Amino acid sequence: MTATTSILLLDARGVMRDNVMLYNVGISLVGTCIIAGLGLSHAGDPAWLAWYPFLIITAIITNPSGYGFLFGLLMVDEKDTGVRSALSVSPVRPTTMLTVRMVTSTTLMIIWPVTSLLMMDATWKAIPVSHIQLLAIVVMLAPVAPLTALSVASYAANKVEALAVFKGISFVVIAPLALKFIAEDAAFRPLFLLSPTAWGYFSFDAFIAGNAVGGYLYVAGGLIYCCVLLALTVRYYLRKAYKIET
């Protein structure tokens with residue numbers, strides 16, 4: 001068995017035996033099915049369709065942090081139970097385990113959001129941007145998953161603290177949704193770009209407005225920003241958890 005397979009199986013067992021994690025996974029699937037079901041009766045209603053784009057970007061923005069929290073809980077649980085100390089002297093290097101989890105969570109947050117959005121739009125048929133543009137935004141925001149996981153694992157010593165940390169992260173993640181209710185000429189709108197998810201919101205708005213160049217510029221800028229934040233968080237986590245200098 002390879003190290004990668006061992007890590008994936010370890011994480012899968014951790015999710016399966018934790019009711020909170022299973023609940024979070026289940027509610028995401030149920031929510032997708034409910035929205036798809038609503039499309040059967042409301043897809044032709046202009047009032048509902050007017051809010052559909054906002055529903056789409058809300059799903060795109062909130063998914064990565066929600067699933068990243070699950071990986072963060074796994075890492076906090078390892079610390080709380082002493083598993084992390086045991087793993088630190090195993091043949092699997094901490095950096096290998098971290099890399100596998102980062103790649104896994106990022107890949108998951110590309111596959112699942114796209115899948116769930118296509119499931120919802122099977123009945124609504126009203127996504128206001130092209131599938132390529134949608135994929136670009138999803139890929140740009142996918143690193144928010146490992147970023148959330150490592151942030152939770154870095155600052156929380158147990159699951160109670162992990163929930164508290166995640167509440168703070170959630171505020172930063174969903175804050176850009178307030179842009180929906182703020183005038184487009186408001187001078188302070190660019191300040192929202194301090195949140196990595198705001199880049200996704202601005203790119204989505206640009207694509208809807210027909211400004212493909214501007215949309216892809218936000219995607220590129222957001223991807224760079226997310227990767228820089230992730231690199232800094234990885235460095236901090238390795239130094240704090242394993243005393244590894246990078």
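Which residues on the other side of α8 are exposed? In this predicted model, they are Val160, Lys167 and Phe171. The close-ups below begin with that helix.

**View 1. Helix α8 and its buried face.** Spanning residues 159-174, α8 has 16 residues and reaches 22 Å from its first C-alpha to its last, close to the 22 Å expected at 1.5 Å a residue. Buried in this helix are Ala162, Phe166, Ile169, Ser170 and Val173. Seen down the axis of α8, these buried residues fall within an arc of 110 degrees, so they line one face of the helix.

**View 2. The N-terminal cap of α8.** Here Asn158 caps the helix end. One of its side-chain oxygens lies 3.1 Å from the backbone nitrogen of Val160, a residue that is itself exposed.

**View 3. Trp51 and its partners.** The structure holds 11 aromatic pairs. Among them is Trp51 with Phe181, a tilted pair at 6.3 Å centre to centre and 40 degrees between the planes. Trp51 lies in helix α3 and Phe181 in the loop between α8 and α9, so the pair ties together parts that are 130 residues apart in sequence. Trp51 counts as partly exposed at 45% relative accessibility, while Phe181, at 60%, counts as exposed. Look also for Lys180, which lies over the face of Trp51 at 5.0 Å from the ring centre.

**View 4. Tyr52 stacked with Trp124.** Their ring centres are 4.9 Å apart and their planes at 20 degrees, so the pair is stacked. Tyr52 sits in helix α3 and Trp124 in helix α5, 72 residues apart. Both Tyr52 and Trp124 are buried.

**View 5. An aromatic cluster.** Trp199, Phe202, Tyr218 and Tyr225 together form one cluster.

Technical notes: Residues are numbered from 1 along each chain as its sequence is written. This is a predicted model: local features need pLDDT of at least 70, side-chain atom pairs count only at pLDDT 80 or more; totals for chains, interfaces and linings use all residues. Side-chain values use heavy atoms; hydrogens and water are left out. Helices (H or I, at least four residues) and strands (E, at least two) are DSSP runs, numbered from the N terminus. The expected span of a helix is 1.5 Å times one less than its number of residues. Buried means under 20% relative accessible area, exposed over 50%, partly exposed in between (1.4 Å probe, protein chains only). The arc is that of the directions from the helix axis to the C-beta atoms. A polar contact is a pair of N or O atoms within 3.5 Å; within protein, one must be able to donate a hydrogen and the other to accept it, and residues adjacent in sequence count only if both atoms are side-chain atoms. Rings of Phe, Tyr and Trp (its six-membered ring) pair if their centres lie within 6.5 Å; planes under 30 degrees apart count as stacked, over 60 as edge-to-face and the rest as tilted. A charge sits over a ring if NZ of Lys or CZ of Arg is within 6 Å of the ring centre and within 35 degrees of the ring normal.
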